[in-house]
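Trainee: I've got a new model up on the screen and would like to walk through it with you. Can we take it step by step?

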Amino acid sequence: SEKTAVTRIRLMVCGHGGVGKSTFARAITSENDPSGFQASLSPVAEWGTDRLVDWASRLGTLWADVAARLISDEGITGKYLANYVDTDSSGNSSPSELLISCCGKYHSIDT
């Protein structure tokens, strides 16, 4: 096969609701900082509080700003993010007791 540079590509992203399709699409089409694209794909476990706040505030939900404030106030980082979600043996996720206790301070987040 011939090696040629790709100038345009069409990509369809499929998945269940709330799994990050829109977040991914925004990251790969961002015109704000194209040179920072690779950095935007670092593992969530490496994200600091500021990066999580930025992500949460752009979720596009009614509670996004409150979620961002919770992350900021609680100092949540990607390294400890898994502590805020429980996953059962079937792979279903739900808020952990830790997250539920935090949300009590933020009445507009419905757990």
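Trainee: What does the accessible surface of the protein chain come to, and what percentage of it belongs to carbon and sulfur atoms?

Mentor: First, the ground rules: this is a predicted model, where local features need pLDDT of at least 70, side-chain atom pairs count only at pLDDT 80 or more, and totals for chains, interfaces and linings use all residues. Residues are numbered from 1 along each chain as its sequence is written, and side-chain values use heavy atoms, with hydrogens and water left out. Areas come from the Shrake-Rupley method with a 1.4 Å probe, and for residues only the protein chains shown count as cover. The accessible surface of the chain is about 8600 Å², and the share of carbon and sulfur atoms is 53%.

Trainee: Why do the buried residues of α3 line one face of the helix?

Mentor: Buried means under 20% relative accessible area, exposed is over 50%, and partly exposed is in between (1.4 Å probe, protein chains only). In α3 (residues 49–57), the buried ones are Thr49, Leu52 and Ala56. They line one face because, seen down the axis of α3, they fall within an arc of 65°, taken from the directions from the helix axis to the C-beta atoms.

Trainee: Is Ser96 buried or exposed?

Mentor: Ser96 sits in the loop between β2 (93–95) and α5 (97–103). Leaving out residues up to four places away in sequence, Ser96 touches Asn83, Tyr84, Val85 and Asp86, a contact being heavy atoms within 4.5 Å. Its relative accessible area is 3%, so Ser96 is buried.

Trainee: And what is the relative accessible area of Val85?

Mentor: Val85 lies in strand β1 (residues 85–87). Beyond its neighbours within four places in sequence, Val85 contacts Ser93, Ser94 and Ser96. Val85 is partly exposed, at 38%.

Key
Helices (H or I, at least four residues) and strands (E, at least two) are DSSP runs, numbered from the N terminus.
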